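Please keep the sequence and the model in view while reading.

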Amino acid sequence: MTSTHTPTVSVVVIAYNDAELVGQAVSSALAQGPVVAEVIAVNDASADGTALVLDELAARHPRLKVVHRTRNSGGCGTPRNDGIAAATAPYVMFLDSDDVLPPGAVAALLRAAVDNRAPVTVGSCVRRELPESRDIPWAPGLYVPGEVIDKPEDRPELVRDTLCVNKLYERAFLDGHGIRFPDGRFIYEDFVFTARVLAAAPRIAVIGDLVYVWHVRRDAAQVSISLDRKDVGNWSARVEAHRAASWIITESSPGLGRACQVKFLEYDLRMYLRELGQDPGYQAAWWTLTRDYVAGFDDADIEAAGAHARWIVRVLRATAVPPAPADLLRLTRFAADPPRLLPPYATGPTGAPVWSDALPVELDRLDELVTAELPVTIDAEPSGCSGLRIQVHDLYGRLAAAGPRTVQLRFQPRGNLGKLLVTEPVELTPVAGGDRWTAELPYRLTELASIGRGDGRRGMQAWDVKMSVECADGSSLLTSPRPLDSLLHRRVLPSSRYGVLLAQPYRTSGGSLALRIAPGAAGVVSLARNRLHRARSPRR
């Protein structure tokens, strides 16, 4: 490409009552350089100072054009459609008012789009949890940097990426196929827009560059629509968006349509199930809505899903109301990632494994699962001042057949960024009866604190705790242990390096063990602030 023939991009920024953050979003788009011909900011009839912020920015930056809507649309689709209508550059990209574009993102996308003549180009995205600044990759492993996908039907798993903001679109492609977002208050408008894009069968280019930072502010006074899950309405909106997207995709390609159904069972269903909460009213409404929806799925679609999703659907179909608390807890923990099926384990009249005595739903094709996919439960409790005593449960004889031999701890900084600490393997000891194995493992908290400091972090550090079990037949599994209540106590330990070390084991929303460490006085203050912040955060 020469500079005189290089096409340009219109970045569409949508905003509603976001005067505090919209300037940062717009600035990140303008900072992309001349490759961005214009930034089109659509103010969706904000009632705060958003309009003034945008107008003042436009007075200083000729590339910024502001569209003021006179009536709030109630969603994100209409203002994005307004932005597309106002765009004049050959390519368009979308940005929300509380997110940012990393430096060079647009240029990298555009280069790949032009070089590969691709109507759609996709890059990497991270969900940045604030205020911790913990980055979680979006759809990791879904794309291969540098690949060019001739048509989506060649890669059915693309239906799992429903975002519109991590992609660059050729405007002529959108116009030619009449692709727009649903108007009005339509939550999860990305689902339908992405379905329409995939149904048009574009060529898709992939780059490895980070192109979008999605800010997640769970404690904001006004949380984003997708995080506003205080009632079952959010789940209902997601179900309806998926229903519409599935219909659109299936009409274009039955193979993509099946992949879309499987994605719902393996991802959406499990995500909301593991966050079901304790409110009986919400649980009952969620159960009825979900059960009615999956009742319409073809058996072939359910059979195409993984074992964990299939078993959840079978439990849903087995009872018209949520099961007893013990079974419901097992179900929510089983939906977590990685899944665990909490004991006890029951068998049916024929000896086949079933969900429980109360719900004798057969766990079909369990024998087809490899060791790494077994939903094995490992319990963890304290042992001495800085150790763990763990107990590995067998799963209907499947784990025993593999022959568990050793176990080791793996400490991963939350967000999968930073150094991984792996302890030495420890021999597992079988318990009489052959259905469990035990071991004693060290915590090595001082070494964890040292690694955190070495990475340049200060104050409180958070770690996910996982356990790797190696078996005699060469197979292995990696899962998160279940912390028993006796483990969830704060510990203050003397440290020759830091003076004092404060450790707080805790249970994640999925029931897994995680750990916060605060080395030194600064770390203790940071942990205290973090606890206060969580106490003030809204919860369902």
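Predicted model: local features only at pLDDT ≥ 70, side-chain atom pairs only at ≥ 80, totals over all residues.

Strand 18 covers residues 436-442, and its side chains alternate between two faces. Trp 437, Ala 439 and Leu 441 point to one face and are buried.

## Partners of strand 18

Strand 18 pairs with strand 13 (residues 387-393) in the antiparallel sense, over seven bridges. Within this pairing, Arg 389 has Glu 440 as its bridge partner.

Strand 17 (residues 429-430) also runs antiparallel to strand 18, and two bridges join them. Here Pro 430 stands opposite Trp 437. Strand 17 and strand 18 form a hairpin with five residues between them. In the turn, Gly 433 has a positive phi of about 110°.

## Ala 400 and Trp 437

Trp 437 also takes part in a contact with a residue elsewhere in the chain, Ala 400. Ala 400 lies in helix 13 (residues 398-402). With a relative accessibility of 35%, Ala 400 counts as partly exposed, because that class lies between the limits of 20% and 50%.

Ala 400 and Trp 437 are 37 residues apart along the chain, and their C-alpha atoms are separated by 9.6 Å. When neighbours within four places in sequence are left aside, Ala 400 is in contact with Asp 394, Gly 434 and Trp 437.

Which residues of helix 2 (residues 50-60) are buried? They are Thr 50, Leu 54 and Leu 57. Seen down the axis of helix 2, these residues fall within an arc of 65°, so they line one face of the helix. The face turned away from the buried side carries the exposed residues Leu 52, Ala 59 and Arg 60.

The buried residues of helix 2 pack against strand 1 (9-15), helix 1 (22-30), strand 2 (36-43) and strand 3 (64-68).

## Helix 7 beside helix 9

Two packed helices are described by the angle and the distance between their axes. The axes of helix 7 (residues 233-252) and helix 9 (residues 280-294) come within 10 Å and cross at roughly 10°. The two helices are therefore roughly parallel to each other, because the angle is under 35 degrees.

Helix 7 contributes Trp 235, Ser 236, Val 239, His 242 and Arg 243 to the contact, and helix 9 contributes Trp 286, Leu 289, Thr 290 and Tyr 293. These residues divide into five nonpolar, three polar and one charged.

Definitions and conventions. Residues numbered from 1 in each chain as written. Heavy atoms only, no water. Axes fitted to C-alpha atoms, helices over the stretch in contact; angles between N-to-C directions. Helix = DSSP H or I, 4+ residues; strand = E, 2+ residues; numbered from the N terminus. Parallel < 35°, antiparallel > 145°, perpendicular 65-115°, else oblique. Contact = heavy atoms within 4.5 Å. Nonpolar A, V, L, I, M, F, W, Y, C, P; charged D, E, K, R; others polar. Buried < 20%, exposed > 50% of the residue type's maximum accessible area, 1.4 Å probe, protein only. Pairing = 2+ DSSP bridges. Arc of directions from axis to C-beta.
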